[in-house]
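Please have the picture open while I talk.

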Amino acid sequence: MTDFSTNQTTRKQGRAGQIALRWGLYLILCLFALYYLMPLFVMLTTSLKSLEEIRTGSLLSLPRNITFDAWSTAWSKACTGIQCEGLRPYFWNSLLLSVPAVMISTLLGALNGYVIAQWKFKGSNLIFSLMLFGCFIPFQVVLLPMARVLGILNMAGTIPGLIFVHVVYGIGFTTLFFRNYYVTIPQELVKAAKVDGAGFVRIFWSIFLPLSLPIIVVTVIWQFTQIWNDFLFGVSFSQAGTQPVTVALNNIVNSTTGVKEYNVDMAAAIIAAMPTLLVYVVAGKYFIRGLTAGSVKG
Amino acid sequence: MLKWFEKQVPKIVLAPSFIAILLFVYGFIVWTGWVSLTRSRLLPKYDIVGFIQYERLFDSPRWDTAMSNLFIFGVLFIVISMFLGLLIAILLDQKIRVEGVLRTIYLYPMALSLIVTGTAWKWILNPGLGIESVVQGWGFENFKFDWLINPDYAIYTVVIAGVWQASGFVMALFLAGLRSVDDEVIKAARVDGIPTTRIYSAIILPSMAPIFLSAFIVLAHLAIKSFDLVIALTGGGPGYATDLPATYMYALAFSRGDIGQAASSAMVMMMVVFAIVVPYLYSELRAKND
Amino acid sequence: MFMKTTLAATTAALTIMGTASFAGPQAEVLHYWTSGGEAKSVAVLQKEFADNGGTWTDMPVAGGGGDAAMTALRARVLSGNAPTAVQLKGPAIQEWYEEGVLADISSVAEANGWADVLPANIASHMKCEGTWCAAPVNVHRVDWIWASADILKANGIALPTTWDEFNAAADKLQAAGITPLAHGGQSWQDATVFEAVALGIGGADFYKKAFVELDDATLTSDTMVAVFDQMRKMRGYVDPNFSGRDWNLATAMVMNGEAAFQIMGDWAKGEFMAAGKVPGEDFLCISTPGDGFLYNVDSFAMFDVDGADKKAGQDLLAKLVVGKTFQKTFNLNKGSIPARTDVDLADFDSCAHLSASDMAASNDNGSLLPSYAHGMALRGAQSGAITDVVTAHFNSDMSSADAVAMLSKAIKNSM
């Protein structure tokens, strides 16, 4: 923790100056907070207004009569096509695909990172570079060939198919995170363990894994956000019955004709974002801690 | 035999991921390169006709716009996000009482999908609905903020929303960096009476060089892949003034049935990525060999 | 409960792939009719389908006027898992046919005498090399002006029948501080106005040469310059906040008396109706100045699938879609008119009657024309190239001469 509020220079400026500085600091931070909060504020207030009030009122005004109708509509009644079941069924699909995909890609990332950081062999750096470059491939490029591959594997339109795609394109980032974290663990540790007769698996299981909690949190947050919010893969590789929540949200929000129910749109958006928001709010502290613990040291 | 097997375990562990990347990243890049040399329209075809798709691409004014937008957007997005992220991280690191709350506020945009925050931004930036009309309502009649509808400035609104989404994550990276700087060094500097600004510019920031690099890579990757952002905020408009290569490619491949042309634009995009990432990888590898 | 639905859906998908046993007509329908009124209209079809023993699996994908749905369709076709029926229209039907993935529904069409009840122009869109490959749902007219009755009355303006009258009316309104044209700055809306202007100024032959045959001499003619000149005028009649505005918000401006006119297809009528407005009293409809009728026909194409139950589903679906009951109920909801000409229009409003009689007249004198802006006249690459130029011109200070030169170049480049 670097803390300058109590250092010598400021103390000389006297208490009044110090308090003014403090207030200025809080003021700036709050101004930034306004910038970040504005869209959420607009979404939230809009979702609580009636359509009539949205049409007549100002964008930034608070709702006159708070109503949760839009929320219940978005959750269980909004029409996505001819089915009017709201986001509920799709929410479940998203969970079914993101939980395994996050777990598998995190596990693979941990193993890959462990090998690349601590069990180097000839060419392991090259493999790492190739994986890293894979993070940058624009996803639009892979849609069509991947569709073909899923067809061949008989996984087209299924949840396992979507899990497969997300794992493949998640490995690059998860490997990067774990590799950068494990690189900071002294090689002597591994050497000593080897002398004691421990093998590849034993060392990973009893030395590295217990140390990995912070970086697991970082990786899980990153992967969960990416997979949960994905639309492009979700819309391309699903079929009726396996569509994730982002596709349903898009169906509610992006209808090109007909009356737009903005309050339902906004409520649906917030509902669809609930799991990721929750993850950030609950695990945000560990996120910074995990990053601090070494993953960003490059 | 067992000994040999033991030695091969790391390679065996790495193999499935490596093969997957080889096939599904590099294999697909080769596939795209092949298709970019064909006349594919609705679905991919495999009869090579030469470089005609690239000629068409470079002849298209819309592609020019998309590439120069990528440059404007990319530079501003990366620079502003880095600056803002660093500034907020430094301010937050001054023993702020409600740090947890503020940090969550700065970080949450990363959790939201742009499919809908785009709508909210569209309203906020719309002169008739959002900031302009609200400020005018406060009595500042001459206040103007109409970038969203001005073809020359619309790309900057994309920057505003992009920075909003990504800068919190960069802030987290920098905050983590500040927290991992060795306390002893700073204490020593303070005892020597070195002013705070000097401590930052001469000691703390240089020690965070790797973090700048990580942040740059994350941001560059977001800038190049930016797609939802533009679709949700401007739909590429006014006209096609806010088109980016990713949206151009998507439009050609999926709404215009011109897959050959889309593939050629994808290859050009990939070359841009290559030009940015390879120097980074090179420095990564060299650092490791030290 | 969720688990059950998902499991059921997955097992259903698996059994369809694995067995050939006949379990009644099946159809998985990919469409982008997701908004309230549209979804209600599709639900009508689903009910009829179920009443005839069929099982309908809904696969809606909204967004970008069908772009997202087309993305999903490509992925599905490439993975060998094509949906049973897909909402497709215009030359895209023939394009998919050329890829060899469409099914032949001629037997249904012939058994139900489609050739006798559909206007020849519209029937031709449903045919691929002589066989029937798609079923039409409706006819939208694109070249409409929707006007606020109150504003016109208060300012003593009659509905314009020439572009000069339109300009005079708009100038007068502007002087009175009223926005003459409600418009949303999305490229497809720019293109919608453009094609109406082109038809009005150039006439049916000009339109056909330019936007169906892509004749270079016509594309670079003085008439085309005049069309762009009028577009520049139109830009001046739009309020400053038009960028990115959804079309239905533009409609709401006419409804609320904030703007006088909107040029938009008859799906806009659905908005007026939903708000309880009465045609002829609260709002007025008239075709845009000039002779002709620009149509936008929605249709379903059937994809080649395996399994007797799916094939039966396609036949049943095709039959129902062109059936009288569905054509009537669907189009009452959607604002369009039936594609078949023998449906009783007694329950339809005055604008629909006008549309139907104009369609018949245009069909006779050869001015029944496909809308380019809505993907009826050209393949995606060419119509997209035109729209790029139109929207670039509309949203900048490009001169008409430059726009025409760019148009000709863009068309060549798109080939």
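What you see is a predicted model, in which local features need pLDDT of at least 70 and side-chain atom pairs count only at pLDDT 80 or more, while totals for chains, interfaces and linings use all residues. Residues are numbered from 1 along each chain as its sequence is written, and chains are lettered from A and ligands numbered from 1 in the order in which they are written.

Let us look at chain C as a whole. It holds 19 helices and 14 strands, where helices (H or I, at least four residues) and strands (E, at least two) are DSSP runs numbered from the N terminus. Its C-alpha atoms fill a box of roughly 70 × 45 × 45 Å along the principal axes. The radius of gyration, taken over C-alpha atoms, is 22 Å for chain C, which agrees with the value near 22 Å for a compact globule of 415 residues; that rule is 2.2 Å times the number of residues to the power 0.38.

Chain C is divided into domain 1 (22-140 + 297-351) and domain 2 (141-295 + 367-414), with bounds that come from an automatic or database domain assignment. Their C-alpha centres lie 28 Å apart. Across the boundary, 19 residues of domain 1 are in contact with 20 residues of domain 2, contact being C-beta atoms, placed from the backbone, within 7 Å. On the domain 1 side, helix 4 of chain C gives the most, with three residues.

There is also an open sheet of three strands in chain C, in the order 7-12-14 and with mixed pairing; strands pair if DSSP finds at least two bridges between them. Strand 7 (140-141) and strand 14 (368-370) of chain C stand at the edges with a single partner strand each, so one side of each has no neighbour in the sheet. Strand 7 and strand 12 (residues 293-296) of chain C run antiparallel and are joined by two bridges, and C:R141 has C:Y295 as its bridge partner in strand 12.

Now, is C:L219 buried or exposed? C:L219 is buried, because 23 other C-beta atoms lie within 10 Å. This residue is found in helix 11 (residues 216-219) of chain C, and leaving aside neighbours within four places in sequence, its contacts include C:A210, C:M224 and C:I411.

Finally, we come to chains A and B. Here 81 residues of chain B are in contact with 75 residues of chain A, and helix 1 (residues 2-35) of chain B gives the most to the chain B side, with 15 residues. That side divides into 56 nonpolar, 15 polar and ten charged residues, where Ala, Val, Leu, Ile, Met, Phe, Trp, Tyr, Cys and Pro count as nonpolar, Asp, Glu, Lys and Arg as charged, and the others, Gly among them, as polar.

Key: Two residues are in contact if their C-beta atoms, placed from the backbone, lie within 7 Å. A residue is buried if 20 or more other C-beta atoms lie within 10 Å of its own, exposed if 12 or fewer, and partly exposed in between; C-beta atoms are placed from the backbone.
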